[in-house]
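Hi,

Here is the structure I promised to pass on. Have a look at it first, and my notes on the side-chain contacts follow below.

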Amino acid sequence: MKRTALVAIATTLLGGLAVTTTPAAAADSAPIGFAAVDALGQNGTTGGAGGPEVTVSTAADLIAAIKATGPRVVRVQGMITVPAGMHDVSSDKTIVGVGATSGITGGGLNIGLPVSETTTPPADAVHNVIIRNLVFRNATDDSINVQMFSHHVWIDHNDLSRGYDGLIDIKRGSSYITVSWNHVHDHAKNMLLGHSDSNGAQDTGRLKVSYHHNFFDRTSQRNPRTRFGNPVHIFNNYFLNNSDTGPACQAQSGCWIEGNYFDNVEEPMTNSYSGPKGSIVERNNVYVNSGKPVVGGTVTDPRTYYQYSLDPPADVKALVTQGAGTGKV
């Protein structure tokens with residue numbers, strides 16, 4: 001498994017002067033990490049591939065397209081104001097913005113069946129969903145919520161900020177998910193993995209998520225805050241001006257945190273943030289004007305599940321600030 005590398009530095013002539021530019025990384029054509037793993041009867045994450053493609057520009061058309069039965073590629077044209085609340089996405093969907101400024105405001109996307117206390121994954125759990133290249137603003141609840149044993153979800157190259165609750169929350173037994181190349185900013189309650197210290201019956205052995213090449217930009221907390229998932233793989237992300245903490249891993253979760261760049265982060269990572277402790281394995285991270293990591297315990301090596309390549313952590317700031325967010329897909 002190999003991620004598309006940053007395009008080599010190019011030198012051009014402009015007005016007789018040599019100008020060096022560093023093009024942004026090309027977007028990956030398929031997910032890396034847990035969303036690429038064959039499991040639970042699903043081979044990787046392909047979204048709506050093979051289904052019809054529809055372009056939507058109204059709330060009614062968007063809501064109908066994302067909940068329709070069967071594979072479908074839904075292209076979002078422009079910023080669409082949806083009704084308040086969460087809007088359900090069905091299995092085998094790709095939802096992708098057109099250009100760099102298309103997206104959703106006023107509500108959020110829900111990937112998952114209605115909440116129940118069952119501990120047995122339902123046969124019709126939502127699965128195989130891709131959300132890419134969308135701007136999310138002013139959600140009245142979560143911007144993106146994944147719940148109730150949903151699996152094989154890829155959330156990639158989005159721009160999320162200024163919601164009411166979480167920007168990307170994953171909970172209630174969901175698993176095999178990759179969150180990559182997103183720009184999250186100007187928000188407090190950023191990313192939650194596992195909603196409660198008391199939900200081990202649904203979450204233990206699940207909540208397997210890879211977070212890579214995201215730009216955690218002035219998001220004070222939940223970057224992410226994790227429970228029960230092991231391993232949670234957090235690699236090659238750029239953390240900037242996080243006034244509370246970076247990853248906070250608790251309640252028996254195990255975070256494998258490597259190759260990240262922490263820039264002015266008060267507490268870069270901790271396994272004793274609040275409630276029961278978790279575990280953190282910390283490797284090869286860069287700390288600039290940041291506090292000391294609080295780590296300990298054992299974590300399952302992500303290579304138990306998949307192979308991956310790491311970018312040098314010193315390069316992550318440039319890679320992520322240029323490559324994360326919309327307009328790259």
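This is a predicted model: local features need pLDDT of at least 70, side-chain atom pairs count only at pLDDT 80 or more; totals for chains, interfaces and linings use all residues.

**Salt bridges and rings**

Asp 186 and Arg 218 make a salt bridge, with their closest N and O atoms 3.1 Å apart. Asp 186 sits in strand β17 and Arg 218 in strand β20, so this pair ties together parts that are 32 residues apart in sequence. By salt bridge I mean a side-chain nitrogen of Lys or Arg within 4 Å of a carboxyl oxygen of Asp or Glu. Strands are DSSP runs (E, at least two residues), numbered from the N terminus, while helices would be H or I runs of at least four.

Residues are numbered from 1 along each chain as its sequence is written, and side-chain values use heavy atoms, with hydrogens and water left out.

Back to that bridge. Asp 186 is partly exposed at 29% relative accessibility, and Arg 218 is partly exposed too, at 41%. (Buried is under 20% relative accessible area, exposed is over 50%, and partly exposed is in between, using a 1.4 Å probe and protein chains only.) Asp 217 joins in as well: Asp 186, Asp 217 and Arg 218 are linked in a network of salt bridges.

The whole-structure search turns up 9 salt bridges. One of them pairs Arg 172 with Glu 117, at 3.7 Å between the closest N and O atoms. Those two are 55 residues apart: Arg 172 is in the loop between β15 (168-170) and β16 (175-180), and Glu 117 is in the loop between β9 (108-111) and β10 (127-132). Arg 172 counts as buried at 11%, whereas Glu 117 is exposed at 59%.

Lys 189 has two contacts to look at. Lys 189 forms a salt bridge with Asp 165, closest N and O atoms 3.5 Å apart. That pair spans 24 residues, from strand β17 (residues 183-189) to the loop between β14 (159-161) and β15. The charged end of Lys 189 also sits over the ring of Tyr 164, 5.9 Å from its centre. For that label, NZ of Lys or CZ of Arg has to be within 6 Å of the ring centre and within 35 degrees of the ring normal. Lys 189 itself is partly exposed, at 30%.

Now the rings. How many aromatic pairs does a search of the whole structure find? There are 10. Rings of Phe, Tyr and Trp (its six-membered ring) pair if their centres lie within 6.5 Å; planes under 30 degrees apart are stacked, over 60 edge-to-face, and the rest tilted.

Phe 216 and Phe 239 are stacked, 4.5 Å centre to centre with 0 degrees between the planes. Phe 216 is in strand β20 (residues 215-221) and Phe 239 in strand β23 (residues 238-240), 23 residues apart. Phe 216 is buried at 0%, and Phe 239 is buried at 0%.

Tyr 238 and Tyr 261 pair edge-to-face, at 5.6 Å and 75 degrees. This pair links strand β23 to strand β26 (residues 261-263). Tyr 238 is buried at 2%, and Tyr 261 is buried at 13%.

Finally, Phe 34, Tyr 176, Phe 235, Tyr 305, Tyr 306 and Tyr 308 form one aromatic cluster. Arg 303 lies over the face of Tyr 308, 3.9 Å from the ring centre.

Cheers
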